[in-house]
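Subject: Structure for your review

Dear colleague,

Please find the structure below, with the sequence alongside. My notes on what was found follow it.

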Amino acid sequence: MRFSESWLREWIKPAVNREELAQQMTMAGLEVDDIEAVAGKFTGVVVGEVIECCQHPDNEKLRVTKVNVAGEELLDIVCGALNCRLGLKVAVAPVGAVLLGDSKIKKETLCGQLSNGILCSFSELGIDIEPNGIMELPKDAVIGTDVRKLLNLNDVSINVELTANRADCLSIRGLAREVGVLNHAEVTDPKFNKISPVIDDKVSIAIEAPRVCLRYLGRVVRNVNVKVTSPLWMQEKLRRSRIRSIDPIVDITNYVMIEQGQPMHAFDLSKIEGGIVARMAKPGEKLVLLGNNEVELNDDTLVIADHNKALAIAGILGGDFSSVKTETKDIFLEAAFFTPDSIRGRARSYGLYTDSSHRFERGVDTSLQYHAMERATQLLIASCGGEAGDIVAQESKEYLPKVQTILLRRTKLDNLLGHHIASDEVVEILTRLGCDVGKTTTGWSTKIPSWRFDISLEEDLVEEVGRIFGYENIPNQVPITHLIMNEHKEVNQPLKRVRDLLVDRGYYEVITYSFVNPAQQKLIVPDVDALILPYPISVDMSAMRLSLWTGLLNTVVYNQKRQQPRIRLFEAGLCFIPDESAETGVRQDMMLAGVITGLRSEEHWDIATNLVDFFDLKGDLESILKLTANELAYNFKAAKHPALHTGQSAEIEIYGKVVGYIGAVHPKLEKKFGLNGRTIVFEIEWDAINQRILPEAVDISKFPSNRRDIAVTVSDKIEAETVVRACLATDNALIRSSRLFDLFKGRSVEEGKKSLAIALLLQSGERTLEEADISNAVSDVVTLLGHKFNANLRD
């Protein structure tokens, strides 16, 4: 909201200077963003009257004038402005005057004619108006008066950044009210006489959308002169509010909007057929707006129409056909109250933004329409003449906002502010804010004024009391706290440790959105219906994720399109699983997931270029499992998953419970996601790996270890890992570890079987092993494998 300081001080006269006023407003929540001078620095420019004006004898583009500036003699001034004419009041910079840039005016000879000064344009005085010749001052301007004083050019334009809830301050009236509250000063409304109707002309009004158009006022004014120029004082006030002067009718409606806070519009009466109807737009209905921009109206758009066509988008912008033009003689003035929800977002849907829509979508005072109509009529007849009819009004009384009464409790006020404000001062603050305050046993009963539609809760009243009292006046108090050490168990696995390990192994951590494309997610988790957002950012981000794979795979595609040959990513985050047993109906599971694709290693002259495979990612995952110091508890078992390639996928188990999956992305999925090449993924529940076994100190054997290799044949259906782990299940304490180092199928192995080569490591902590000890231990292993898997020792 940009406004003129002098205009504000016409309404209220606080005993503070400009800087103090800006500080007051800022501290009260009306942040002053900038303060600009309304004109440049100049001195000595006075009001003059053109007494003579004739063509320059040697230059057809120049005029020779004599100008009266109330001096001892008339000034001869050469001027090139087309609008220079006899009898015009102008801004004169005589010899000795100083204009912008410290440019001092001197006598000059132009094409043989002496010029004792210049006739100034707006731009030459640093006034931000498009140049259109020299300034034309009011006819009643006193000759010789300092122009800076005449136009009050020592004024400034103040820009206040208002929060969305303070629409009541989008006007001089609202700002004056606020400054009055801060300074205990009285606000003085401009006095004007109401216009009594002198004609009987009326236009009927019908409201067909009573839930969104709650009040609509109209008035006919005939025989107006739209060709007159708006008063200079009005143009200046609008300019200092960053509103361009257009014509007297538009200027007046804009002036009332800035002064009173009520947007208004004027129609050409001759273009209205029948009466006015406030209704919703019809399907396929079109309207040519001001500026000749044609739009097709949406059926959720409120329009102002006559009996045959739409005339304007309500509260946003008028139509070109019914707009006031130079030939217009009769007008229809409107003032209305539309619900903010009916306007909010509509302007943006048509690519528009107007001062009117800005106010309506934030809220307008419901009691303001009659006053604004009277003010606009008074200004209109004073500037353009005409005869006014009576005001015609329609209301949706059952939907109009009711006066709110809110109970403010003393305990609530003290608890939220952390400071006790005297009861008399609380009542005085609320009264200055326009509230009707009554005493109750617990606090105050407060009736909220119509212009403070942002106050609806007790907390809002607490904020208002604190804001006006001054947050800077509330003393700082150190809170009393009792420090309690966080409970930390050493067995808990820090997520940072896992992150560091993956980063050390060449992975990059990513953070993807929790909202995903439901169609893509259905490919990964087809048997679970995700939670769909009622108001998503977009269709592609409308489902809460059930798996981290959706975001990871899209990130892989994004990087592949940017020529990344080697990609290793991981993410830790929440997945949102529908669960009726959960209090909210949704279970939030913390998951850890990773993906690799492309080259196994960075390109190197001494390393073969190979692509990643299942075992590369499995090795990285096993390194994570080793952090638990319980890696033997986890099993990888071949399994099917709708998103993974059959035969290249496995489920991850711990104590018989499936806690994750690992495998190559299914070829169909690769195609639908747009993946380029083999992609391997894993996902595991964080709760399954967030505990670790604490280390215990044991003696290190000083005796040498021995290795023995055995090869056994077992059924091809038996998992090799099961056999390897079984080697440790004997009662022989000498066997320290077992490891598979070869798997063979061929002619020398019976069909349907496979040969497993297993390395056994044996060691004693008490003595050096003898051959008999080693042979007995190996024999125990072979015997166990024979009983458990029907395994035979291979020759």
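Counting charged side chains in this predicted model gives 92 positive and 112 negative ones in the protein. The centres of the two sets lie 2 Å apart.

Overall shape

The secondary structure of the protein consists of 20 helices and 40 strands. Its radius of gyration is 42 Å, whereas the globule rule gives 28 Å for 795 residues; the former is well over the latter, so the protein is more spread out than a compact globule. The C-alpha trace spans about 135 × 80 × 60 Å along the principal axes.

Burial, contacts and surface

Of the 795 residues, 49% are buried. Taking the contacts with a separation of 6 or more, 69% are between residues 24 or more positions apart. The accessible surface of the protein is about 41200 Å², and carbon and sulfur atoms account for 50% of that surface.

Nonpolar cores

In soluble globular proteins, nonpolar side chains tend to be buried together. Here the largest nonpolar core contains 51 residues. Phe 3, Met 25 and Leu 380 are the residues with the most contacts inside that core. What does Leu 380 touch, apart from its neighbours within four places in sequence? Its contacts there are Val 221, Val 224, Ile 249, Ile 252, Ile 331, Leu 333 and Gly 385.

Two alanines with positive phi

Ala 70 has a phi near 65°, which is a positive value in a residue other than glycine. The residue sits in the loop that runs between strand S4 (63-68) and strand S5 (75-79). Ala 70 has a relative accessible area of 54% and is therefore exposed, the cut-off being over 50%.

Ala 629 is not a glycine either, and its phi is positive at about 60°. Ala 629 is found in the loop between helix H17 (614-626) and strand S33 (634-638). Is this residue exposed or partly exposed? With 42% relative accessibility, Ala 629 counts as partly exposed.

Regards

Key: Residues are numbered from 1 along each chain as its sequence is written. This is a predicted model: local features need pLDDT of at least 70, side-chain atom pairs count only at pLDDT 80 or more; totals for chains, interfaces and linings use all residues. Side-chain values use heavy atoms; hydrogens and water are left out. Helices (H or I, at least four residues) and strands (E, at least two) are DSSP runs, numbered from the N terminus. The radius of gyration is taken over C-alpha atoms; the globule rule is 2.2 Å times the number of residues to the power 0.38. Buried means under 20% relative accessible area, exposed over 50%, partly exposed in between (1.4 Å probe, protein chains only). Contact means heavy atoms within 4.5 Å. Accessible areas come from the Shrake-Rupley method with a 1.4 Å probe; for residues, only the protein chains shown count as cover. Lys and Arg count as positive and Asp and Glu as negative; His and the chain ends are not counted. The place of a charge is taken as NZ of Lys, CZ of Arg, CG of Asp or CD of Glu. A nonpolar core is a set of buried Ala, Val, Leu, Ile, Met, Phe, Trp, Tyr and Cys residues joined through side-chain atoms within 4.5 Å.
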